[in-house]
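Please examine the structure below and the terms used to describe it.

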Amino acid sequence: MDAPEDYVWPRATSELILLPVTGLECVGDRLLAGEGPDVLVYSLDFGGHLRMMKRVQNLLGHYLIHGFRVRPEPNGDVDSEAMVAVFGSKGLRIVKVSWGPGRFRELWRSGLWNMSDWIWDARWLEGNVALALGHNSVVLYDPVVGCMLQEVPCTDRCTLSSACLIGDTWKELTIVAGAVSNQLLVWYPAAALIDNKPVAPDRRVSGHVGVIFSMSYLESKGLLATASEDRSVRIWKVGDLRVPGGRVQNIGHCFGHSARVWQVKLLENYLISAGEDCVCLVWSHEGEILQAFRGHQGRGIRAIAAHERQAWVVTGGDDSGIRLWHLVGRGYPGSGVSALCFKSRSRPGTLKAVTLAGSWRLLAVTDTGALYLYDLEVKCWEQLLEDKRFQSYCLLEAAPGPEGFGLCAMANGEGRVKVVPINTPTAAVDLTLFRGKVHSLSWALRGYEELLLLASGPGGVVACLEITAAPTGKAIFVKERCRYLLPPSKQRWHTCSAFLPPGDFLVCGDRRGSVLLFPSRPALLKDLGVGGKAGAVTGALGAGSGSGGGETALTEWGPVSTLPSLHGKQGVTSVTCHGGYVYTTGRDGAYYQLFVRGGQLQPVLRQKSCRGMNWVAGLRMVADGSMVILGFHANEFVVWSPRSHEKLHIVNCGGGHRSWAFSDTEAAMAFAYLKDGDVMLYRALGGCTRPHVILRESLHGREITCVKRVGTITLGPEYEVPSFMQPDHLEPGSEGPGLTDIVITCSEDTTVCVLALPTATGSAHALTAVCNHISSVRALAVWGIGTPGGPQDPRPGLTAHVVSAGGRAEMHCFSIMVTPDPSTPSRLACHVMHLSSHRLDEYWDRQRNRHRMVKVDPETRYMSLAVCELDRPGLGPLVAAACSDGAVRLFLLQDSGRRLQLLAETFHHKRCVLKVHSFTHEAPNQRRRLFLCSAATDGSLAFWDLTTVLDHGSGALEPPADPGLPYRLGTPCLTVQAHSCGVNSLHTLPTREGHLVASGSEDGSLHVFVLAMEAPELEEAMGGDLVPQLHVLEEYSVPCAHAAHVTGLKILSPSLMVSASIDQRLTFWRLGHGEPTFMNSTVYHVPDVADMDCWPVSPEFGHRCALGGQGLEVYNWYD
């Protein structure tokens, strides 16, 4: 369908693409990356500054880039200019570029040449380009004239899955072809006669039991590496392949991947492979795994490149991420695990506990009560003291801070605590705090000003000791400041503690899994106006009272705020305060973000660690502002990065039930544990972080299922975001205002991502990701959009409430606040607060007489969401959900989203409901009315009058059959059979005649009709039971609007509509003159588009459109 000549506008132009990275190549000090048809150019500055220089848009038209080949220069200099052949699918283009420090310029480009077959490889031959095509033929192309000089086929015209061209001239050109028969075919195109008869293969090599996806040849050593569908990498000794008749020998059969291997690359000393399991492995030429790079998400790593001089490996994945890794010798330095050889005749007894005082001193205590020090620099053991009272049972904890402040604490089963200066152990201080067992010890440090030691005794009593040092530094003073009382529980002791800045409160975690807030100085309670005597239990301590001998009992202060059982029954493992928030971890596999307001703890967000890490032991903040998670994964201690989704360190320690300790500084990271009666130490220089660089953050590991625009933020000149485009290459309109659109996406990878899309830079910045869902996230809804300071606050920013839903009938509500932050690359920061959640399984568990009812299907999925904002004061919005079990459910959000409850449901459709959409009807002298439209897999649309349903005394909302069940939504007020199969897109727009309703179906058809409403007058509606009547005025269908499912639809105005389909076409339609008329269409590059959102930006910039599927693409156009 061709567009008429007079319909030029609107014309959509691609502004941003986030697709799987399918091609990578290092060219001197530059990196070329292929993303769809676009080329990204990165500057690999060896001074440590790696940044993006340029995005060349739409270089390969509608083809995906799969490779780059740089023409060799006689002098070998490609640092200033280079001629690059870019190929992919059936397209080829030659580009001449000029680059330097901080600049990139395209000097010349050829036309886009369309081949008759798939291009598997390209190679420069004395100014011409040789191409290996998909059915085992070779083409010689002249890039200047743009014509084919010669084509030579092979006698075996099979389909190829990969190919590799070898040689510098046509006479010595060799092709190694990977056939679908799992064989390697080696043949020589120059052996063809003048009449271009097919050439027979010189050698056939067998070995793989699956299709060969990639191959790499190392001429200096005569090695060939192949990667296959059979999950293996093979190394072949082939010699000089340019000489016919050579012998081929398989010298290595490497198994290390758990899925298909996509890419392989041979270097002088290494072999690099990457595959569908998202792992990049570094092998020796003998087949030994040297390194494993993990961090990409999704369906695999599609492209790899290497910079041998710098020992760098660059990977590009299906998650749109690009990462740079360091090879062995220049990468992460570490000493691994070593035994410290404690066992000796001079050191009797068995080790009971170990701790680290900083990163270079280790302390251990034995069952004889002896305390030993191991200095990692001197590498020898030294006994500090021996106290028989601490034999058998002894706790050991070192003070935090730089090198432990030189203090440690010991506790025994008789209520005694000993505080030991490490440098002068003879100055140790003993205290008898309880008449029973000391269950736990923990330190709390406030800068360099205040150091507290907390000890838990019987009955939930926690003694708070204040530690100060003498001016000479050779003695310490220990004073009991106060006592706290934990809430009743079976295992009643605290596990961790930390000061809450500025230091007025202590945050503690206990064995019950609760998080508690105590005053650091009880005298401050009256000044702060919280707690007071009402929160404390006064009187004698009973059996555990006293400090030392004969002291008077202290007041036991209760917590001023408690979050009971936040981490389940296994307990809280750590508490960390950073950036105004409190972070807690536990053995439930999660970590929480909390904050304190008005002396009360409030949960902000719950996040899960990596899969399988059910014991989260702690977290650390690193220099770049991100965090790393410490925990135990089966029998391994793991340091995991939520930002890069990789395990930075793995120590096979045997599990966390043994005594262990962790220390991290900028200089080194250390992990010590007891095993086989000895102290084992893992130590790595450089701290927790790894010296790899994320050139571009990943978006989602799986398909994007929903895209919603939240709003726009206007940033002033002081928040200017660096642009990736040079002024002379800007597209029309990209010089628009300094606006940044905030967009939320959700995916099959169970995450919800908040993105910032500046209008002037052609970039996308991931602000944060929410990982609360246990299954795929399919739908989003946004409501309550505002500014952080309210309507009267001129400061830039954006706030909104978001509801997300998906698999396992799970729904979450959270709020986001986006504010300017000059320290981030996007100049924005996003704060997320989790408000409430709901699962049908939880609702089912609260039902009575469950054995008499059919249980709700636990595999029910929420397919779509719509927010229905009511006009009643004090009543929150409704959330309508389209469910796969055939129901339309209404949820009520109350208390600003903190309460989410199921209100009503209906099974009218009796089949999977795919879409819901809400709209309001407003007319003079008529009551504002709220409507809901639902669409199912049978192609029918149902309209519900929610205003009538929610009216008091209305019979539209039927009471539940059993107490505790939701209300039953009555019959719809109108049903329209719009399509013959499922409805995948739905939208409405108010007009003068009524409401314009458009829907798109799985058969590629569009259905547009005008919905009119006859409503009673306002006085009549208030005094009687009159309800509005809906009827269809005009109705039109476009049977073959698209060649596949219509998954995106938006009515922009009464005269313009845009639709998107899996056929990868963005189509504009003219409305208002009978049947919708085709205007024009644009081909986009995102496969399997699942959702689309469009919005006006400004008169200068026009409209923007975001398409989400197996990637994300943003278009803009002018009306």
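The questions and answers that follow set values against definitions.

Q: On what kind of model do the answers rest, and how are residues numbered?
A: This is a predicted model, in which local features need pLDDT of at least 70 and side-chain atom pairs count only at pLDDT 80 or more, while totals for chains, interfaces and linings use all residues. Residues are numbered from 1 along each chain as its sequence is written, and side-chain values use heavy atoms, with hydrogens and water left out.

Q: Why is Arg1104 called buried?
A: The relative accessible area of Arg1104 is 1%. Buried means under 20% relative accessible area, exposed means over 50%, and partly exposed lies in between (1.4 Å probe, protein chains only). Arg1104 is therefore buried.

Q: Why is Arg231 called partly exposed?
A: Arg231 has a relative accessible area of 42%, so this residue falls in the partly exposed class. Arg231 lies in the loop between strand E20 (223-228) and strand E21 (232-237); strands (E, at least two residues) are DSSP runs, numbered from the N terminus.

Q: What does Arg231 touch, not counting residues up to four places away in sequence?
A: Contact means heavy atoms within 4.5 Å. Arg231 touches Cys254, Phe255, His257, Ser258, Ala259, Arg260 and Val261. The C-alpha atoms of Arg231 and Phe255, 24 residues apart along the chain, are separated by 6.8 Å.

Q: What lies 2.8 Å from a polar atom of the side chain of Arg1104, and why is this pair a polar contact?
A: The backbone oxygen of Leu757 lies at 2.8 Å from that side-chain atom. A polar contact is a pair of N or O atoms within 3.5 Å; within protein, one must be able to donate a hydrogen and the other to accept it, and residues adjacent in sequence count only if both atoms are side-chain atoms. The pair therefore qualifies as a polar contact. Arg1104 is found in strand E88 (residues 1102-1109), and the residues it touches include Glu15, Asp741, Trp1095 and Tyr1115.

Q: What makes E7 and E8 a pair of strands?
A: Two strands pair if DSSP finds at least two bridges between them. Strand E7 (residues 81-88) and E8 have eight bridges in the antiparallel sense, so they pair. Glu81 stands opposite Ser98 in E8. The two strands form a hairpin with two residues between them, and Ser89 in the turn has a positive phi of about 55°.

Q: What makes E15 and E18 edge strands?
A: An open sheet of four strands has the order E15-E16-E17-E18, with antiparallel pairing. Strand E15 (160-166) and strand E18 (203-205) are its edge strands, as each pairs on one side only. Strand E17 (residues 184-187) and E18 pair over three bridges, and the bridge partner of Leu185 in E18 is Arg204.
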